[in-house]
Amino acid sequence: MEKVTSLASEKGVVLFSKSSCCMCYAVKILFQELRVTPMVHEIDQDPEGWEMEKALKRLGCNGPVPAIFIGGKLVGSTNEVMSLHLSGGLLPMLKPYQTLC
């Protein structure tokens, strides 16, 4: 759990992902289109990935990935991020982390 919370606070936008997850890919593309470069942790390529997966579930993620943290706080998974985006709530959260170009 400590590793997950520590990594989640390292950058403004953090995405826990698996390299073969299509929903993770969709979130990465959304962030790219919104000009945000999240710190991505591919838990399937981390030796402690299984423990990280369990920690993400304990933190409240429905599925272990994708798990999105903004400003060190868990936003949720794909459903929560897409719902926020469609309702207009995501962009204000991401504004401080957007790049200019």
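Trainee: Which residues does Ser17 touch, not counting residues up to four places away in sequence?

Mentor: First, this is a predicted model: local features need pLDDT of at least 70, side-chain atom pairs count only at pLDDT 80 or more, and totals for chains, interfaces and linings use all residues. Residues are numbered from 1 along each chain as its sequence is written, and side-chain values use heavy atoms, leaving out hydrogens and water. Ser17 lies in strand E1. With contact meaning heavy atoms within 4.5 Å, Ser17 touches Cys24, Lys28, Val40, His41, Glu42, Ile43, Asp44 and Val65.

Trainee: Is Ser17 buried or exposed?

Mentor: Buried means under 20% relative accessible area, exposed over 50%, and partly exposed in between (1.4 Å probe, protein chains only). The relative accessible area of Ser17 is 0%, so Ser17 is buried.

Trainee: Which side chain does a polar contact join to that of Ser17?

Mentor: A polar contact is a pair of N or O atoms within 3.5 Å; within protein, one must be able to donate a hydrogen and the other to accept it, and residues adjacent in sequence count only if both atoms are side-chain atoms. Here the distance is 3.1 Å. The partner of Ser17 is Glu42.

Trainee: Which strands stand at the edges of the sheet?

Mentor: Helices (H or I, at least four residues) and strands (E, at least two) are DSSP runs numbered from the N terminus, and two strands pair if DSSP finds at least two bridges between them. The sheet is open, with four strands in the order E2-E1-E3-E4 and mixed pairing. Each edge strand has a single partner, so one of its sides is left without a neighbour in the sheet. The edges are E2 (39-42) and E4 (73-76).

Trainee: In which sense do E1 and E3 pair?

Mentor: Residues 13-17 form E1 and residues 67-70 form E3, with four bridges between the two strands. Leu15 stands opposite Ile68 in E3. The sense of the pairing is antiparallel.
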